[in-house]
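The sequence and the model come first, followed by notes grouped by topic.

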Amino acid sequence: MEALATITPESLALIHSKILDPSLSQNNLGPRSREELFQLIDVHTPYYALQDVHVLKDNIVAAKVIAESPLGFEQSPITMAEACRHLAILGSVACATVNPNQSKHYYLAHKGTYKRVSNEKFAIGKPLTILAECVSFDKRLAKAKACLIDAENKLICGIDVSFHVIPQAMFNRLFAHAYRDYLPALTSPYSRKNTLYDLKLYDTGATASLGEIKEQDCSGHFPNHPALPVAVLMGAFSIYVSPLFNMQPVVCKMDLLQTDVRY
């Protein structure tokens with residue numbers, strides 16, 4: 001996703017501090033069930049894996065999540081791709097709560113910036129807390145910030161994300177050709193690493209293939225219009241670049257300057 005701006009640890013810390021604000025717990029607007037939220041956004045299980053979603057304020061929501069993707073060579077407790085998946089989904093929930101039209105809309109992430117702010121080794125398999133805030137909303141565009149923290153309220157990472165907001169009726173017209181009856185996957189395809197085929201390394205880049213993408217590989221994103229999630233592509237990219245570092249445990253900064261995704 002194209003960068004909105006450079007997300008700073010300070011901006012993430014500001015979001016993080018809001019979950020500790022006692023006034024939010026006092027004015028908590030209450031939990032939201034999956035059934036309620038699925039009337040507002042069109043991602044579904046298993047792609048949607050948030051638990052205990054609460055609206056803390058009109059534009060601020062919180063949730064729990066347990067990481068399910070294998071870490072590979074990434075730092076615990078969660079991969080970049082999976083973190084972005086959950087953070088963006090809760091960001092869309094925050095925007096949906098602000099939307100004056102409380103009907104189903106598609107929130108299509110099109111710009112974003114991810115920032116990991118801690119290199120600590122966090123415990124694996126424990127619930128993590130996500131906090132998301134809708135920072136702006138108009139009829140066709142919404143923006144959110146979200147951060148991920150551990151059980152001890154330690155800040156791990158966060159995103160800025162911008163969404164195109166599309167009403168369900170308009171989306172259905174635009175993508176009528178892609179309609180499918182929804183058959184949810186029996187197991188989550190997001191709990192396994194993607195396999196790359198035909199990986200070839202060059203002096204200044206690499207090429208690889210994800211092979212055939214099946215509907216069950218996109219289960220829940222979106223139920224009747226299956227599309228490969230950006231988070232899956234990001235997970236593939238993390239596998240893709242590992243050979244470039246010769247599998248050495250080094251601390252590095254990666255800027256993805258250019259990609260060519262072909263179908």
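Glu120 and Lys154 form a salt bridge through their side chains, at 3.5 Å from N to O. The model is a predicted one.

**Salt bridges**

- Seven salt bridges are found in a search of the whole structure.
- Glu120 is partly exposed, at a relative accessible area of 38%, and Lys154 is partly exposed as well, at 32%.
- Asp160 and Lys145 form another salt bridge, in which the closest N and O atoms are 2.7 Å apart.
- This pair links strand E7, where Asp160 lies, with strand E6, where Lys145 lies, and the two residues are 15 residues apart.
- Asp160 counts as buried at 7% relative accessibility, because buried means under 20%; Lys145, at 23%, counts as partly exposed.
- A salt bridge also joins the side chains of Asp217 and Arg192 (3.4 Å, N to O).
- Asp217 is in the loop between strand E9 (205-209) and H6, and Arg192 is in the loop between helix H5 (168-174) and strand E8 (197-202), so the pair ties together parts 25 residues apart in sequence.
- Arg192 is partly exposed, with a relative accessible area of 45%.

**Strand pairing**

- E5 and E6 run antiparallel and are joined by eight bridges; they form a hairpin with three residues between them.
- Ala132 has Ala146 in E6 as its bridge partner.
- E6 and E7 also run antiparallel, with nine bridges between them, and Cys147 stands opposite Gly158 in E7.
- Five residues separate the strands in the hairpin of E6 and E7, where Asn153 takes a positive phi near 65°.

**Nonpolar cores**

- The largest nonpolar core contains 53 residues, and Tyr48, Leu50, Val53, Leu87, Leu90 and Leu148 have the most contacts inside it.
- Elements that each supply at least two residues of this core include strand E2 (51-57), helix H4 (80-98) and helix H6 (230-241).
- H4 gives the most to this core, with 11 residues.
- Another core, of seven residues, lies apart from it and has Leu56, Ile60, Ile149 and Leu155 among its members.

**Surroundings of Ser69**

- Ser69 sits in the loop between E3 and H4.
- A polar atom of the Ser69 side chain lies 2.7 Å from the backbone oxygen of Tyr190.

Methods
Residues are numbered from 1 along each chain as its sequence is written. This is a predicted model: local features need pLDDT of at least 70, side-chain atom pairs count only at pLDDT 80 or more; totals for chains, interfaces and linings use all residues. Side-chain values use heavy atoms; hydrogens and water are left out. A nonpolar core is a set of buried Ala, Val, Leu, Ile, Met, Phe, Trp, Tyr and Cys residues joined through side-chain atoms within 4.5 Å. Buried means under 20% relative accessible area, exposed over 50%, partly exposed in between (1.4 Å probe, protein chains only). Helices (H or I, at least four residues) and strands (E, at least two) are DSSP runs, numbered from the N terminus. A polar contact is a pair of N or O atoms within 3.5 Å; within protein, one must be able to donate a hydrogen and the other to accept it, and residues adjacent in sequence count only if both atoms are side-chain atoms. Two strands pair if DSSP finds at least two bridges between them. A salt bridge is a side-chain nitrogen of Lys or Arg within 4 Å of a carboxyl oxygen of Asp or Glu.
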